[in-house]
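I opened my notebook to look up a few positions and the charged pairs. My entries follow.

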Amino acid sequence: MEKVRIDKWLWAARFFKTRNLAKQAIEGGKVHCDGHRVKASKELTVGLHLTIQQGWDKMEIVVQALSDKRRGAPEARLLYQETEHSISQRENAQAQRKAGGIMQILHENRPNKKQRRQIHRFKRREPDAPE
């Protein structure tokens with residue numbers, strides 16, 4: 001196998017659960033090949049550099065092998081190799097997020113049911129007419 005579509009390869013390498021999710025990520029600009037945005041029909045070859053952003057994490061990988069079939073995770077891991085720079089950046093970012101407590105902030109400030117009702121009532125209320 002010499003060439004494989006990028007959406008199929010991302011699915012086979014287990015970066016995305018479905019090919020449709022892989023296609024949406026590609027179209028959304030979350031996947032770059034050699035520093036450029038690509039289309040889902042782009043054909044990959046061995047040795048290309050991909051940048052994939054999933055949630056908070058951004059991975060820089062090098063394509064090691066091609067496959068259009070989804071197999072187990074250990075076999076899928078052999079299809080690519082993450083760069084050392086990418087690994088260190090991801091670990092540093094993860095440590096900063098953990099130290100900063102970003103996840104706690106997101107959940108602490110959520111309004112409860114009573115507060116949500118008050119917000120909805122406030123938004124529905126029409127502003128007073130100027131006198």
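Where is the place of Thr-51? I found Thr-51 in strand β5, which spans residues 49-54. I note that the model is predicted.

**Entry: Thr-51**

I checked burial next. Thr-51 has a relative accessible area of 19%. Buried means under 20%, so Thr-51 counts as buried.

**Entry: Gly-55**

I moved along the chain to Gly-55. This residue is found in the loop between β5 and β6, the latter being residues 57-63. Is Gly-55 buried or exposed? Gly-55 counts as exposed, at 63% relative accessibility. I also looked up a distance to Lys-30. The C-alpha atoms of Gly-55 and Lys-30 are 9.6 Å apart in space. In sequence, Gly-55 and Lys-30 are 25 residues apart.

**Entry: salt bridges**

How many salt bridges are there? The count comes to seven. I wrote up some of them.

Asp-7 forms a salt bridge with Arg-19. The closest N and O atoms of this pair are 3.4 Å apart. The pair links distant parts of the chain, with Asp-7 in helix α1 (residues 6-12) and Arg-19 in helix α2 (residues 19-27). Asp-7 and Arg-19 are twelve residues apart. I looked up accessibility for both. Asp-7 counts as buried, at 3%. Arg-19 counts as partly exposed, at 32%. I then asked what else joins in. Arg-5, Asp-7 and Arg-19 are linked in a network of salt bridges.

Next came Glu-27 and Lys-23. Their side chains meet in a salt bridge at 3.8 Å, N to O. Why are Glu-27 and Lys-23 separated by about one helical turn? They are so placed because they are four residues apart in helix α2. Glu-27 counts as exposed, at 51% relative accessibility. Exposed means over 50%, so Glu-27 passes the cut-off. Lys-23 is partly exposed, with a relative accessible area of 36%.

Last, I looked up Arg-71 and Glu-75. The side chains of Arg-71 and Glu-75 meet in a salt bridge at 4.0 Å, N to O. Arg-71 is partly exposed, with a relative accessible area of 43%. Glu-75 counts as partly exposed too, at 45%.

Conventions
Residues are numbered from 1 along each chain as its sequence is written. This is a predicted model: local features need pLDDT of at least 70, side-chain atom pairs count only at pLDDT 80 or more; totals for chains, interfaces and linings use all residues. Side-chain values use heavy atoms; hydrogens and water are left out. Helices (H or I, at least four residues) and strands (E, at least two) are DSSP runs, numbered from the N terminus. Buried means under 20% relative accessible area, exposed over 50%, partly exposed in between (1.4 Å probe, protein chains only).
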